[in-house]
Every structure is written in structure tokens, then in C-alpha cells.
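Open the model in your viewer and keep the sequence panel beside it. This tour goes stop by stop, with something to select at each one.

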Amino acid sequence: HTFNRIYVDRHNTVSEKVETDYMSDPLIWEDRHLWNHLGSLAVDISPNKYSYDADTGRYRYLIDEEDYEEGGDLYFMTYLACSLTPMLSDTLMSFSFTITDGHIDKIYAQTEVLQYGDSENPTAESYTTVELTVSDIGSTVITDPEVFEAPANAQYLETALNNMKTARNYTYQATQNETYTAMPDEGEYEYEAATGASSGAVTVKYNNSTSPSGTAGERGYVTENAIIIASTGMYTVSDGNPYHTEYSGYKQLTDNTYDAFKNVAKDGVYHFEGTRQYHGNIFDKMPEFDFSANIFKFAGSNTDGTGKTTYRFVLRDTSITKEIAMQMSAHSYADNASVTTTTTLSISVDDSGHIVSTSFPYNVYDAYVGTINTSYSAYCTTEIDADAFDDYVPRVVRGEWSQYVTQDYDPNHNYDQDDNADTMEAFKYLYGEEVANLPTPALLIEVFGDNLFGPWFDYEERTRPDGTTKYYRDHMDINTSTDQYDENGKITNYGEIKEALIEKFTAIGYTYSEANSGQAHGDYYLCFVNGNITIVFENNRTKNFFISFYRTGEWVLS
């Protein structure tokens with residue numbers, strides 16, 4: 001039986017979700033012994049397993065502390081510890097209970113007492129006690145959680161969310177406020193106060209730079225046809241300019257394609273250059289604010305000197321903090337939003353129908369902890385410099401192997417004479433005239449998008465089965481990835497990719513090798529063969545794929 005969490009989701013409806021572990025495998029109820037082991041407390045197992053204390057009215061189970069056998073007392077007491085509370089996994093060394101009207105109604109337990117210091121005169125000791133009260137026996141009813149009613153002043157939040165879903169022009173400042181960092185130099189970053197809607201146009205120049213002062217985080221300039229993001233970080237060791245800012249963003253090309261770009265320098269002059277092309281719209285990369293206002297509660301208001309009122313709302317159920325953060329923030333740490341005891345995800349809106357600011361706590365592997373505070377301004381007045389894309393170099397989607405350069409090419413196997421080469425030259429070395437049967441990069445791009453890295457040439461020295469003849473196993477490698485993965489970084493569309501690859505490769509004359517495909521060593525493999533060409537796709541259950549080109553017969557699935 002899986003753990004199925006029943007909860008109120010971001011749309012304020014009751015949902016059910018299978019809980020998973022860090023590998024995205026379903027959590028199993030029986031594996032964690034979260035079922036009723038009390039049924040094993042049968043009286044007939046031995047009349048000497050219980051004692052009764054008339055003063056306390058408790059029945060005590062007499063634990064044999066030397067019974068290490070599987071299924072024995074120490075196993076049983078560990079199972080009971082797990083099943084009584086998911087917070088406890090230690091073995092119980094004391095277990096008793098009271099009975100009322102034929103039912104166990106109270107359980108008392110304690111783990112082993114661990115003493116510290118001198119064995120004769122210990123300075124400290126530690127143990128855990130459990131007191132469990134059982135009530136409503138036979139009459140307990142589990143119901144679904146109730147959805148939330150609208151909070152006070154919900155109309156302002158609803159209006160702001162609806163406006164934000166269609167907003168195509170605004171500026172945001174996401175400020176990283178670290179309360180803990182694993183780096184030696186801990187730093188607090190000043191929070192730039194939210195300014196709300198601005199009446200003046202906002203423009204900016206775009207040059208990567210360093211500075212003696214700044215604000216860690218990112219500032220985004222959002223317009224209908226382009227989004228420019230200035231990301232600022234801080235070096236712990238610097239030459240007096242610890243803050244560094246790099247520009248990147250997205251540019252719409254046609255109705256259904258857009259580029260991701262970055263700022264690069266050529267001859268000392270910065271310009272934007274496309275790094276990857278996507279299908280869709282640039283706002284596919286922006287938060288959608290797709291959640292109900294009812295999942296928040298009203299937390300107060302403030303009216304400034306101009307008479308404008310700001311309303312603050314905080315999330316009711318912190319268990320969906322990450323889901324909401326990813327819906328309302330473009331900052332990369334939204335994927336690391338977490339639940340804390342001191343900070344709750346919040347959102348502030350004004351009485352003009354605009355989101356003023358948002359805030360959420362984050363935790364990156366316990367190494368970086370803090371909050372991301374984001375202010376929104378310049379609605380409908382944000383402008384990008386007219387000459388910002390004058391020298392723009394659009395992304396060229398390379399659909400032919402002749403457009404690629406193979407790295408580390410070394411057909412003579414000299415180990416130290418690696419060189420770069422035309423990819424078709426490298427493939428001709430591997431396959432000769434059969435190179436005409438290779439799939440094009442365009443075919444791979446249809447499956448994975450404009451997201452191919454490589455190729456690299458590589459080889460290993462091998463010995464044939466006769467034990468004497470040596471040869472080199474040459475191959476070409478390409479890396480790629482999918483954009484579909486879960487909160488643990490595990491792939492969520494492997495089945496779809498597998499079907500697409502089989503369909504496309506069989507259509508161009510390849511055979512799907514069942515014998516050399518499947519799962520091995522925890523990874524997934526797909527193998528396709530056409531004459532002397534063998535192509536292997538390896539996936540380690542994450543978003544990453546590793547594509548290798550071998551000569552047929554030189555690779556088999558182990």
C-alpha cells in the first residue's frame with residue numbers, strides 16, 4: 001500500500017498524491033511498518049510474557065533483551081516503535097498498557113537509557129518516552145480535508161492574480177536574503193522595498209560587470225517580445241568588486257519559437273547571443289500565478305501617504321510552499337522553496353489590482369538558507385532599450401552533422417594528440433560509406449529539443465576473446481536532457497521519449513534491439529542497430545541522456 005497524501009491543492013480542491021522518497025520511488029506503508037503490530041500481542045504466546053501492576057493498572061510486556069532472532073522480541077519492539085509513531089525508529093525496552101472496557105486505551109513505552117561519562121557515576125543520560133492515548137475506538141471516521149473559504153479582502157488578491165496571468169509588461173526585483181550560508185563569509189543582503197506600480201518608464205543598459213556594491217538576486221525586465229534578466233551574485237573573495245552581474249533572457253522570434261540568450265563580449269563590446277531555441281512563447285518561462293486566492297489568509301494592510309493601500313496574505317497550508325513558489329517566482333531558488341518555523345510564503349497586492357511583492361523561504365541542501373523577496377513595479381511602462389538587440393546573434397539550430405565539431409578526435413590512438421575535427425570526418429572514420437545511414441541531429445532535436453552537447457570522440461583498448469589480439473573500441477558521445485523531471489530531479493517522461501525514439505529510428509531503417517535494451521545497474525538503455533551502426537541511449541533516471549555511437553558488435557548490455 002502506498003502513502004497517499006490527501007490535501008487541498010493550489011486550486012483549493014481536494015487532491016490525492018502518492019508520496020515518494022528521494023529517488024522518486026513510492027513510499028510503501030508495509031516497508032515502514034506503519035501498520036498495527038499490536039495484533040501480535042497475543043496472550044497465548046506465553047503466559048510469562050506479561051505482568052500486571054495493580055497499583056498502576058498496567059499490563060507490562062516482559063521484553064527478552066537477549067532475543068536478537070528475527071521475529072523475536074527486539075525485532076518486535078522495533079516494529080512497534082515504527083508503527084506507533086513515524087518519529088521513532090529506536091527499539092523499545094519498556095512497553096506497557098492499560099485496558100478499559102476490553103480495549104487497550106493507553107500505551108506507555110521507553111527506549112533504552114543511554115548513559116554518558118563515568119560508568120559508575122554517569123554525567124548524563126538520554127532516552128525517549130512514548131505515551132499514546134487511544135480513543136473513539138470503533139467510531140473514528142476519516143474525512144477529506146475541507147477546502148478553504150475566501151479570506152478577508154480576497155477580491156484584491158483575486159484581481160491581482162488574474163491581472164498577473166495576462167501581464168506582458170513589468171519589472172521585478174528578486175532579492176536573495178541569506179540567513180545562513182555554508183561559505184566562510186556569511187553575508188546579509190539588503191532587501192529592496194517593493195514599490196508597486198510605477199508611473200515612469202524603466203530602461204536599462206546591458207553589460208556584464210562587477211561592482212563594489214549591489215544586491216544579490218535578479219532583476220527582470222519583462223516585455224511582450226523580450227525578457228532581460230540581470231543576475232547579481234557576490235564573490236566571497238574579490239579584488240574589491242565582490243558583486244558581479246550577468247545578463248541573459250529570452251527573445252521571441254516567431255509566433256511559436258523563441259531564443260534563450262546570454263550577454264557575450266566580442267572585441268570588448270557586449271552583445272546578446274542566442275544559446276538555445278525553444279518552441280512556444282517566452283512567457284512559458286515566467287511564473288503563471290495559477291492558484292486560488294482562497295489558499296491564503298489575510299495578514300493585514302497598510303496605507304501609505306498617498307492613500308494607496310497594500311494587502312498582505314500568507315499561505316494557509318505550508319506543505320504546498322514549493323508548489324506555490326514555483327508558480328509565483330522566476331528565481332531559480334523557487335525549486336528549493338521550503339517550510340520553516342519562522343517564515344511563511346506571502347504575497348502582497350494593492351488596491352489597483354497589482355501584485356506588489358512576494359516572499360518565500362528557501363533551503364538549498366542546508367548549505368544556503370534564507371528568503372527570496374520579490375518586488376514588482378513598472379506595470380505597462382517597462383521598456384527595453386531600442387538598440388538592445390541591434391547586434392543580436394540568433395541561435396542557429398544545427399540540424400546537420402556538418403555543422404558540428406567533434407572534440408578530442410584521435411583516430412591514431414596516441415592518447416596525447418587529441419584534436420578537434422569535422423564531425424562527418426569522425427563518423428566516416430567509424431562507419432565508412434554507411435555514414436549515409438546515420439540519423440541527423442534534426443531527428444534527435446525533434447525528441448529532445450535544441451539541446452545537444454558534443455560530440456566527443458573516445459576509445460578504449462580492448463582484448464578479443466582469444467586473449468591475445470588487442471583492438472581499440474572507438475565511439476562518439478553526445479549528451480542531452482529533457483525538461484520534464486520531478487522535484488527530486490528524476491525524469492517523468494521517459495516512456496514518451498522511448499516511444500518517440502523507437503518510432504523515429506524504425507522509420508529510417510533501424511532495428512530496436514530488445515536484447516540490448518532495458519534496465520541494468522539502475523539505469524535505462526535503448527539500443528538501435530542498422531548494419532555496422534549501433535546507437536545507445538543511456539538514462540540514469542534523471543533528466544540526463546547519454547548517446548553513444550559504436551560499431552556493431554563492440555557494445556552489448558551487461
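Where is Y365 found? Select it: Y365 sits in the loop between β20 (355–364) and β21. Keep in mind that this is a predicted model.

**Two residues with positive phi**

Stay on Y365. Its phi is near 55 degrees, a positive value in a residue other than glycine. Most residues other than glycine have a negative phi. Y365 is exposed, because its relative accessible area is 76% and exposed means over 50%.

Now select S24. Phi of S24 is positive as well, near 70 degrees. Look for S24 in the loop between β2 (14–18) and β3 (50–53). S24 is buried, with a relative accessible area of 19%; the cut-off for buried is under 20%.

**A cis peptide bond**

Go to G454 and P455. The peptide bond that joins G454 and P455 is cis, with omega at about 0 degrees. Most peptide bonds are trans. P455 belongs to strand β24 (residues 453–463).

**A buried serine**

Select S96, in strand β5 (residues 92–100). Is S96 buried or exposed? S96 counts as buried, because its relative accessibility is 7%. Show its contacts next. Leaving out residues up to four places away in sequence, S96 touches R58, Y59, R60, K106, I107 and Y108.

**The second largest pocket**

I107 leads on to the next stop, as I107 also lines the second largest pocket. Two or more lining residues come from each of α1 (73–84), β6 (103–111) and β9 (129–133). The space in this pocket is about 280 Å³. Its lining has seven nonpolar residues, four polar and no charged.

**Helix α2**

Select residues 154–166, helix α2. The 13 residues of α2 reach 19 Å from first C-alpha to last, close to the 18 Å expected. Color A154, L157, A160, L161 and M164, which are buried. Then look down the axis of α2: the buried residues fall within an arc of 130 degrees, so they line one face of the helix. An α-helix has 3.6 residues a turn, so residues three or four places apart point the same way.

**The largest cavity**

Finish at the largest cavity, with a volume of about 30 Å³. Select its lining: Y170, Y172, M286, P287, A330, T374 and Y376. Strands β10 (170–181) and β21 (368–377) each give two or more residues to this lining. Six of the lining residues are nonpolar, one is polar and none is charged.

Conventions. Residues are numbered from 1 along each chain as its sequence is written. This is a predicted model: local features need pLDDT of at least 70, side-chain atom pairs count only at pLDDT 80 or more; totals for chains, interfaces and linings use all residues. Side-chain values use heavy atoms; hydrogens and water are left out. Helices (H or I, at least four residues) and strands (E, at least two) are DSSP runs, numbered from the N terminus. Buried means under 20% relative accessible area, exposed over 50%, partly exposed in between (1.4 Å probe, protein chains only). Contact means heavy atoms within 4.5 Å. On a 1 Å grid over the protein atoms alone, a cavity is a set of points where a 1.4 Å probe fits but cannot get out, and a pocket is an open set with protein on both sides within 12 Å along at least five of seven lines; lining residues have an atom within 4 Å of a point. Grid points are joined across faces, edges and corners, and a volume is the space filled by probe spheres set on the points. Ala, Val, Leu, Ile, Met, Phe, Trp, Tyr, Cys and Pro count as nonpolar, Asp, Glu, Lys and Arg as charged, and the others, Gly among them, as polar. The expected span of a helix is 1.5 Å times one less than its number of residues. The arc is that of the directions from the helix axis to the C-beta atoms.
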